[in-house]
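Thank you for letting me speak today. Please have a look at the model on the screen first, and then I will go through it part by part.

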Amino acid sequence: MKLRFRIFRFDPSRDCSPYQRTYAVEADSEERVLDCLNKIRWEQDGTLAYRMSCAHGVCGSDAMKINGKCALACQKLVKEVLSDEILVEPLPSFPVLKDLIVDLSSFYAKVDWVRPYLIATNTPEKERLQLPGDQHKISEAIRCILCACCMGSCPVCQSDERFLGPAPLVQAFRRIFDTRDEGLEQRLLAVDDPEGVWGCVSHFECTRACPKEIKVTKHINELKRVIKGRQD
Amino acid sequence: MQFQHDVVIVGSGLAGLRAALELAQFADVAVISKVFPTRSHSGAAQGGICAALGNEEPDSWEWHAYDTVKGGDYLTDQDAAEVLARDAIRAVYELEHLGVPFNRTNEGKIAQRAFGGHTKNFGDGPIKRACYAADRTGRVILDTLFGEAVARAIKVYSEFHLLDLVMDNGRAAGVVAYELATGEVHTFHARAVLLATGGFGKVFKTTSNCFANTGDGVYYAYREGIPVEDMEFVQFHPTGIYPLGVLITEAARGEGGFLLNGVGERFMDRYAPTLTDLAPRDVVSRAIMSEIRAGKGVNGGDFVHLQLSHLGSEVIREKLSDIASFARVYLGIDVADKPIPVTPTCHYMMGGLPTNIDGQVLREMFSLVPGLYSAGECACVSVHGANRLGTNSLLDLVVFGRRAGIRMKEDLRELDWPHVRQSSDERVLSRIAGIKHRKGGERVSSIRARLQQLMTENCSVFRNHRDMARTLDSVRSLKDMQEGAAIDNRGTLFNTDVLEAMELESLLGLAETILVSAIARTESRGAHYREDFPERDDANWLKHTLVTRRAEGPSVSYKPVTITRFKPKARTY
């Protein structure tokens, strides 16, 4: 079928301001939005810029805003976004570097800040024992692929760049609820902050956007509950 | 710009990161990566990492070593297989200590499951050897090692693309890389260089590989006259989603899923009576293609069915949730209800840069390339021989990535600073300028699509001389065409157009070496199946292929296989 894509364009080395350009693409309803972008870039306009790599929702490179919703272009099929014009824009909350590519350095710095590694001193000869029930506490959080769809869709992130944001909080959760981690106190202290967990006011946009179906808001609320429980 | 680091590692997948962690405290190490590290293709590995932990049933590293050798159809270097299987146990415990969130047994140990070609007691039947975190094992290991790299403040240059090796009188002296964000070309001066750039499945049309897998490290080393080894051995994973090629993990069969042909028959019983659906990948892929060729694809089409519905939704949710989501997103199928249409998809390169078991890159006749190391899919140790077993690749990455790191640490005592010419980026700069200023010419994407189509049609699961020879001619014409290929984008910021033009040269060069090796090997072994030579021929072909670039074209030579404890015998499952 014939589709029309309206795509956000901006090359700061050439353009004074962003603009939108429309492309006609022939695609099947089962094709991915990413396939359509590739057709545009490979067959019509090689100047279009976006990130991509695995093309099946594992690497997290191609987060963007499609018809107003943050999503991975490789996980959205044409039939899900059918409209007169499919609007593709860069992920909100971040500065645009070129077209659909945004500067994620502040995002990565926030992930680094929550210390995305296990804090543990004991190294037994074999594995540490962890009961399946304990492992299950983090089995949803470990699905996070750092695509930043949640950051793009979060109204708080869009207006306050100091807010830690959903994905870094999920990363914190993943360690706080890992029974093997020994950094609990300092980790809770770090996110117990107006710009940490308390910055979240439960809009649930992150949960709706997460391409890995993590109940992000629920994870953040769980962190709030643990922090409150320890203060009471 | 000129950068200087004791060690430059190209590639931020598991092999590169594991090597970097080994070196971090001892040297100034930098990692260069095409993508942000957590987006490396190691993260797409789903099913598991194997080690004879014996958590579910008795196991031994010798059985694992045997399976690896037999799985590789005896082309595996057995000293390497022994290192892999023996060190696996330490390596998996190490990953657990670093925080990898493995699934657990009821007593809290690392859970293990069955996988293709892994057996108990030297081939008696399937064994639970694969340690896993649902079906996202690669991704959580990648996240864990990246977290460690953050903890140790390892310098990473993200979205920097390798465009050349810098050599100094036969010794590695650094690399030239292109910064995607700015279009600048940088020279990295180093005392040691590790190539860990992964595979090059993008040579093929139908592949589970990511867009970044264009084999740049292998190609640029080959261009410098370093041989490539066993390039004809390309793994086609039996269960790619039809027609996308997206991977459905072998763990689906490890958990009890099975294949059905168009008449509803569990056909693997006929091809591998003992292991059936858990036979190694080359065997299963050939079986699927044989069914399809016999008109027994589903509805006479080019695919068969993978049935999981009998596993129940709890097993699927707990252990196979990612693939369930792929089937839902891309096919609209609930795997708890309906079978998945699957067909073989190019998945893994057994071949690559020849290295010893310490990651040192070898020229012909076993001499070393000083200062140059390689690990992971980019390298050919050769620990996978003619066909890799599932779960052995994640293991290969952490075992041989670490060993390369240890070797480099030792060698740095001796390796002084090599000489780097001021103009070592000249070749790259003129190449980029050439591409940007060319007018007319064929589109890069069109040449690449033709290459991928040709390779998938003529150099996949079944091969023969006539089709491959014709394809080699076509690939050579495409190479000529590529030299005059045109692009649209003459800009500087995030110019992926210019990068894809350069990647195309890698893909074409590597495709040529695959074809030359495959045409020369007139036998069938592992993943390399010749319809015109259907038998394995140990008398003439129990040897590794090397291809070296010469002025007159690729030149083929051979080197012996290391055989220690397992004498080659008939390979049945």
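**Domains, chains and helices**

The domain assignment divides chain B into domain 1 (2-154 + 350-372 + 388-410), domain 2 (239-343) and domain 3 (426-549), where the bounds come from an automatic or database domain assignment. This is a predicted model, in which local features need pLDDT of at least 70 and side-chain atom pairs count only at pLDDT 80 or more, while totals for chains, interfaces and linings use all residues. Residues are numbered from 1 along each chain as its sequence is written, and chains are lettered from A and ligands numbered from 1 in the order in which they are written.

Taken over C-alpha atoms, the centres of domain 1 and domain 3 of chain B are 28 Å apart. Seven residues of domain 1 of chain B are in contact with eight residues of domain 3 of chain B, and by contact I mean that the C-beta atoms of two residues, placed from the backbone, lie within 7 Å.

Helix α13 (residues 444-458) of chain B packs against helix α14 (residues 465-483) of chain B at an angle of about 170 degrees, with the axes 10 Å apart; axes are lines fitted to C-alpha atoms, for helices over the stretch in contact, and angles run from 0 to 180 degrees between N-to-C directions. The pair α13(B) and α14(B) is therefore roughly antiparallel, a term for angles over 145 degrees. On the α13(B) side the contact includes B:I447 and B:L451, and on the α14(B) side it includes B:V475 and B:L478.

What span should helix α15 (residues 496-520) of chain B have, at 1.5 Å a residue? The expected span is 1.5 Å times one less than the number of residues, so the 25 residues of α15(B) should span 36 Å, which agrees with the 36 Å between its end C-alpha atoms. Of those 25 residues of α15(B), 23 are buried, meaning that 20 or more other C-beta atoms lie within 10 Å of the residue's own, with C-beta atoms placed from the backbone.

Finally, chain A has ten helices and seven strands, and buried residues make up 50% of its 232 residues. Between the chains, 43 residues of chain A are in contact with 44 residues of chain B.

Conventions:
Helices (H or I, at least four residues) and strands (E, at least two) are DSSP runs, numbered from the N terminus. Angles under 35 degrees count as roughly parallel, over 145 as roughly antiparallel, 65 to 115 as roughly perpendicular and the rest as oblique. A residue is buried if 20 or more other C-beta atoms lie within 10 Å of its own, exposed if 12 or fewer, and partly exposed in between; C-beta atoms are placed from the backbone.
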